[in-house]
Amino acid sequence: MSETILIKRIKIKNILSHENTEITLPNGLIAFVGPNGAGKSSIIDSIFYALFATPSAAKGIRGEGKRGILRVGASDGFIEVEMNIGGRNYIVQRFVSNQKADMAYLIEIGPDNIKRTLATGVQNVINTIEKLLSVPSSDAIRYSVISRQNELTKFIDESETKRKEIILKLLGLDELEKAKEILKDILSEMSKAKTLYDERNRQLNEAKKELEHIEKELENLKKRKEQLEKEMIPLENEVSTLEKAKSALYKFEKLKQAKEILDEISKYERLESICNEITNFDLSSMASKLEIYKNAKRRADEIARQLKDEEAKLQTLLNNIRDFLHLEQAPPTNDIDAYIKIIESKIDEIREKKQLKKVEIEISEKSVNVIATSSTCPVCERPLEEHLKRSILTNIGGRIRESKKILNELDNIEATLKNYLNSLKSLKERLAELRTKMDTLSEQIEKALEEYSKYKQRGMKILEDAKLYDEFSECIELNDFGIIKTMQCLQRKAVESLKILKDRREKLEKMLNDLRTNLQTLSTELQSLQKTLIDLGIDVEKTRYEDIELKYKELNMNLQKIRSEANFIEGRLKELETTKDSLLKKIESLESDIKKLRKDVEIIGALDIIANNIMGRDGLIAKTLTKEARRLMELYTNSILNELGMDFQIRINEDFDIDVYSPLGRIDLRGLSGGESIALAIALRIAIAYTIFGKLPGFFILDEPTQFLDEERRRIVFEIIRRLSQRMPQVIVVTHDREVIDIADHVFYVYKDGNRSVVREKSAVFEEIAP
């Protein structure tokens with residue numbers, strides 16, 4: 001902890017009893033005051049959890065794991081701690097969930113408030129914080145500057161052995177024990193070096209002997225390979241000659257077979273022609289045209305029915321219009337536009353009448369207003385008697401009511417005419433649409449029927465030609481079921497026949513391709529073959545292909561035996577060469593191992609001294625460091641006790657037993673008063689921080705330091721805390737004792753509002769209650 005550390009701010013959401021709490025922490029002595037269970041310690045636990053708690057250590061906070069950390073009823077929580085380390089600000093964010101793993105972020109706030117993420121993930125964030133604070137582990141914080149509830153005197157209360165283990169761990173000396181064990185394992189392995197050295201020498205001698213044997217076998221096999229290669233040359237030539245003779249005879253016989261197949265194929269040329277004509281017939285198009293015709297005919301029938309229905313609706317609508325308008329000379333039924341013009345004309349007339357009535361009503365209403373407010377006649381300017389005024393107003397009112405009634409009737413007539421007009425236009429559009437569809441379908445029917453007839457005519461001609469071939473007799477019998485079914489059968493049979501013809505033609509073409517000659521040059525090939533066979537002592541006139549095949553197989557078998565032996569030798573040579581290479585590498589490796597083992601044997605003694613005398617908890621390094629640690633802890637503790645006004649000093653022996661000395665002599669550690677024990681605990685914590693970190697920490701946290709103390713001891717402890725705050729930039733105290741209010745620089749009240757904790761600064765509370 002080479003830099004001064006201050007906690008600037010904490011934000012807690014759905015953690016323990018805090019629903020949404022945010023606190024800015026100034027420098028000085030800060031007190032969190034409130035009754036037990038109000039949520040004060042939750043603030044300290046949240047700080048420790050956010051900065052140092054691994055997921056596996058969550059139970060150490062409240063004993064229930066993450067479920068105990070989260071506020072009751074919440075599934076997710078959040079802690080944010082802002083710190084200042086050596087003048088630089090950092091933010092730690094910890095996201096807690098009972099559904100998934102915790103997530104954490106460490107953010108550095110640079111110049112101009114620019115934020116940069118330094119670490120993500122809980123363990124990475126904790127490791128980075130420990131690096132920033134220059135502490136070996138979070139335990140260094142727990143036993144020094146952060147005293148959680150019931151942990152202030154934890155170091156004092158531990159046994160001597162446990163205290164020593166704690167200091168060793170905080171100093172990182174437990175790594176020396178691990179190093180010692182590693183060295184012992186190395187020594188154990190190295191003690192086997194002599195045995196292994198002898199074993200490697202034995203293996204080296206065996207490998208060299210095996211290498212010598214392999215080199216001799218390689219020499220013998222190479223000689224045998226050369227002998228076999230000499231034997232193979234004349235035999236390969238003889239086999240090659242027989243292969244040529246055998247191939248020529250094979251080609252000749254295949255050529256005769258090809259001529260026979262050609263003669264057979266010629267008989268089917270006409271059949272192939274009719275088959276191609278049948279298969280090329282577009283039966284799917286014919287069926288498609290028939291289907292188009294059927295579908296169009298069916299849709300046309302449906303459109304005709306719809307037309308009939310719509311025309312009936314039109315007739316009914318026109319009858320209603322004629323009756324409504326009392327038309328004595330109505331336009332023809334098919335002249336819909338004439339009816340539309342009549343209705344639109346009527347609507348215009350109605351609208352003109354309505355406009356006149358509205359003007360008439362407006363004038364009458366204005367007259368009523370004038371007469372009602374006037375004592376003289378607006379026309380002749382004679383005085384109006386009251387009974388004459390009432391008579392005139394009654395007369396005008398009657399005319400207004402009559403005009404409004406007529407206006408209402410005109411509205412109804414206009415609405416009815418609009419409905420008729422809309423219906424008539426809709427029927428007109430519907431009839432036009434249906435008639436257009438009917439015209440289109442009629443064209444489709446005519447075109448499909450015409451194209452289908454062409455296909456049928458061509459199909460009937462093909463059918464007549466197919467009757468001449470027995471291959472299609474089965475299909476001719478289906479003619480009674482329609483031309484399409486008959487053509488389907490013909491196409492199936494044609495495909496089958498073409499496949500047969502195709503297979504035969506492919507066989508012939510393959511034979512001709514294998515021969516790679518023609519009938520005119522075959523005799524020349526046979527003469528050349530005859531000379532070759534005579535040179536081999538074979539009577540050409542009496543020789544058959546089977547005889548040559550038999551002799552070829554016999555000679556080839558002998559050749560294959562020689563080749564097989566040669567291949568075996570080749571494989572064996574490769575195997576031996578591989579084994580030789582492997583042995584050479586093994587010899588090289590063994591010689592290298594022997595060289596290394598020789599060095600290992602020479603350094604066993606030195607490693608034994610290091611492992612047994614220097615490394616480990618009881619080694620020279622550990623003794624030197626623990627001795628210095630005890631000296632520093634005694635020095636710093638006694639110095640701080642003196643500054644805190646205590647009249648006793650301590651000594652720490654090699655076993656980390658703590659002896660207490662007052663002016664009256666040695667006293668038992670358990671004989672200290674509550675206040676003295678707390679003073680010693682605080683001093684030891686600061687001393688541990690000095691010893692481990694090399695510097696006074698910037699902040700100190702005490703959670704319930706006066707718990708279970710009487711009033712006098714509480715007063716002493718608070719005085720100690722006051723003096724401590726004069727030494728350190730930031731001291732945070734959590735307590736339910738209100739005496740701290742008098743000495744604290746800043747006070748925060750913590751209380752419960754229902755089931756959630758509320759934190760209020762003292763100044764804010766005073767502002768609320770001030771008059």
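In this predicted model, let us begin with strand E1, residues 5–15, and strand E2, residues 18–24, which pair in the antiparallel sense over six bridges. Strands of a sheet pair through backbone hydrogen bonds, and the pairing may be parallel or antiparallel. Together E1 and E2 make a hairpin, with two residues between them.

Leu16 is found in the loop between E1 and E2, and its phi is near 50 degrees, a positive value in a residue other than glycine. Most residues other than glycine have a negative phi. Is Leu16 buried or exposed? Leu16 has a relative accessible area of 10%, which is under the 20% limit, and therefore counts as buried.

Leu70 is located in the loop between helix H3, residues 66–69, and strand E4, residues 76–85. Its relative accessibility is 5%, so Leu70 counts as buried. Leu70 and Val96 are 26 residues apart along the chain, and their C-alpha atoms are separated by 7.5 Å.

Thr54 lies in the loop between helix H1, residues 40–52, and helix H2, residues 59–62. Thr54 is buried, because its relative accessible area is 16% and the limit is 20%. Leaving aside residues up to four places away in sequence, Thr54 touches Arg94, Val122, Gln123 and Ile126.

Asn150 lies in the loop between strand E8, residues 146–147, and helix H6, residues 154–157. Asn150 is not a glycine, yet it has a positive phi of about 70 degrees. Is Asn150 buried or exposed? With a relative accessible area of 58%, Asn150 is exposed, since the category begins over 50%.

Let me now turn to the whole protein. It has 21 helices and 15 strands. Of its 771 residues, buried residues make up 40%. Considering contacts with a separation of 6 or more, residues 24 or more positions apart account for 70% of them.

In soluble globular proteins, nonpolar side chains tend to be buried together. In this model, the largest nonpolar core has 103 residues, and those that touch the most other members are Phe32, Ile146, Phe155, Leu680, Ile682, Ile686 and Phe700. Which helix gives the largest share of this core? It is helix H19, residues 674–693, with 13 residues. A second, separate core has 26 residues, including Ala300, Ile340, Leu417 and Ile445.

We return to helix H19 and its packing. H19 and helix H20, residues 711–727, pack at an angle of about 25 degrees, with their axes 8 Å apart. Angles under 35 degrees count as roughly parallel, and H19 is therefore roughly parallel to H20. The crossing of H19 past H20 is right-handed. On the H19 side, the residues that meet H20 include Gly674, Gly675, Ile678 and Ala679, together with Ile682, Ile686 and Tyr690. On the H20 side, they include Arg713, Ile716, Val717 and Ile720, along with Leu724 and Arg727.

Helix H11, residues 283–325, and helix H13, residues 386–466, pack at an angle of about 160 degrees, with their axes 7 Å apart. Angles over 145 degrees count as roughly antiparallel, so H11 and H13 are roughly antiparallel to each other. Their crossing is left-handed.

I shall close with a sheet. Three strands form an open sheet in the order E9-E10-E11, and the pairing is antiparallel. Which strands are at the edges? They are strand E9, residues 649–652, and strand E11, residues 665–667, each pairing on one side only. From one strand to the next, the twist averages 35 degrees. Strand E10, residues 658–662, is joined to E11 by three bridges. Val660 has Ile667 as its bridge partner in E11.

Notes:
Residues numbered from 1 in each chain as written. Predicted model: local features only at pLDDT ≥ 70, side-chain atom pairs only at ≥ 80, totals over all residues. Heavy atoms only, no water. Pairing = 2+ DSSP bridges. Helix = DSSP H or I, 4+ residues; strand = E, 2+ residues; numbered from the N terminus. Axes fitted to C-alpha atoms, helices over the stretch in contact; angles between N-to-C directions. Core = buried A, V, L, I, M, F, W, Y, C linked by side-chain atoms within 4.5 Å. Buried < 20%, exposed > 50% of the residue type's maximum accessible area, 1.4 Å probe, protein only. Parallel < 35°, antiparallel > 145°, perpendicular 65-115°, else oblique. Left-handed = near helix turned anticlockwise from the far one by under 90°. Contact = heavy atoms within 4.5 Å.
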